[in-house]
Amino acid sequence: MSFTALDYQYMALAIELAKKGRYTTSPNPNVGCVLVKDGQIVGQGYHQKAGEGHAEVHALAQAKEQALGATAYVTLEPCSHTGRTGPCALALVNAGVIKVIAAMVDPNPAVSGRGLAILEKAGIQTAHGLMQVEAEALNVGFLKRMRNAMPFVQCKLAASLDGKTALANGLSKWITGPLARAQVQDYRAQSCAVLTGADTVLVDNAKMNVRYDELINPPFSLAQLRQPIRVVIDSKHRLTPDLAFFQIESPVIILTTKLDISERWPHFVSHLLVPELNGQVDLSQAMQLLGARGINHIWLEAGHTLAGQMAQQGLVDQFIFYLAPKLIGHSGKSLLQLPVLESMAEVTELSIDDVSMVGVDLKITASYKKSDH
């Protein structure tokens, strides 16, 4: 089916609406919906929070009786199953819409295509594929978990221009400027989970939470802030409940190879047993277990050892480098701990997706070249 300029205009609006939910919908996808009748927008909405009404429900509530005979533009195929809310495909049928254009089919293999089938059975004209690339970019984590049963992992790395993350004595505050650090808070806020290692928690006394007062123009109030799940790898049982990390009451998952019941942990802390690999947590298995828990998107913020292992095992989907206009010298700590290579043929090649300035710092977004990953 060919789409008109107006079709693109309405779907672009639906995509912009969907973006409004990116801080709050986890583990659900970001979805927007626009209802149009006789060339006029009669209803619009987006999925705001897991467990609450989907985008179509909000748009229909706004349109009321004007939904009869309308066309729905939705960024994801209307759902066909009953979860905490009813199926949106049936809601559209009952409202009397005559046409539904979806940007993309639901990637969940258990329901893919069923929503559109319900609509077609009811005599509603359907189409999909309009602005699919843009719609998929909204939900890279949800898509990866549905297709590969693993979360989408972004690895944040901050360094001097000569690739050093800290002085030889371990001091690293602050390499990057305040705007870069504020942007990191924003990335944390959009993620389902923040992943780090025991070393970072112990050495830096890190809390790894979202600090609301450091966000730049957040589109939500402090009361609406959804803290991501804080996931920490502790193979050697070095963490204790008295650390600053555990003084913030928000969900924590400790990944370990053996349960430690000698400590009294806060109620918001859970332990997840992961198979062992070379005396440590099997990182690939850990990603699968986190995916099974509905975690779509992980923000990896860790030291060079864990970051290096995740990169080496191909578990990072996207790297975000913040490079500060500073020089530390050869004695500083390296960005990633990777194995010694013998030839240039072994070097991992990345594709640079984006380059920008964030305050005084250079930001480079990169991902694996298709042939290397």
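Because the model is predicted, local features need pLDDT of at least 70 and side-chain atom pairs count only at pLDDT 80 or more, while totals for chains, interfaces and linings use all residues.

The UniProt record, an unreviewed entry, gives the annotation "binding site" to His 54, Cys 79 and Cys 88; positions from UniProt are given in the numbering used here, feature names are shortened, and annotations may be inferred rather than shown by experiment. Although these residues are spread over 35 residues of sequence, they cluster in space, with a largest C-alpha distance of 9.0 Å. Cys 79 is found in the loop between β3 (71–74) and α3 (88–95), whereas Cys 88 has its place in helix α3; here helices (H or I, at least four residues) and strands (E, at least two) are DSSP runs, numbered from the N terminus. Cys 79 counts as buried because its relative accessibility is 9%, and Cys 88 counts as buried at 1%, where buried means under 20% relative accessible area, exposed over 50% and partly exposed in between, with a 1.4 Å probe and protein chains only.

The same feature name, "binding site", is placed by UniProt (unreviewed entry) at Ser 172, Arg 188, Arg 211 and Glu 301. The lining of the largest pocket includes Ser 172, Arg 188, Arg 211 and Glu 301. Ser 172 lies in the loop between β7 (164–166) and α7 (178–190) and is partly exposed, with a relative accessible area of 28%.

Rolling a probe the size of a water molecule over the atoms shows where empty space is left. On a 1 Å grid over the protein atoms alone, a cavity is a set of points where a 1.4 Å probe fits but cannot get out, and a pocket is an open set with protein on both sides within 12 Å along at least five of seven lines, lining residues being those with an atom within 4 Å of a point. Grid points are joined across faces, edges and corners, and a volume is the space filled by probe spheres set on the points.

The largest pocket has a volume of about 1,400 Å³. Of the 48 residues that line the largest pocket, Thr 200, Asp 204, Glu 301, Ala 302 and Gly 303 are the closest to its centre. Helix α7 gives the most to this lining, with five residues. The second largest pocket, of about 650 Å³, is lined by 28 residues, and Ala 137, Leu 138, Val 140, Gln 190 and His 297 lie nearest its centre.

By this rule there is one cavity of 30 Å³ or more, and about 40 Å³ of space lies in the largest cavity. The residues that line the largest cavity are Asp 234, His 237, Leu 239, Ile 254, Thr 256, Asp 260, Trp 265 and His 271.

Elsewhere, strand β4 (residues 99–102) and strand β5 (residues 125–128) pair in the parallel sense over four bridges, pairing being taken to need at least two bridges found by DSSP. Ile 101 stands opposite Ala 127 in β5. With helix α4 (residues 114–121), β4 and β5 make a right-handed β-α-β unit, right-handed meaning that, with the strands pointing away from the viewer, the path from the first strand over the helix to the second runs clockwise.

Methods
Residues are numbered from 1 along each chain as its sequence is written. Side-chain values use heavy atoms; hydrogens and water are left out.
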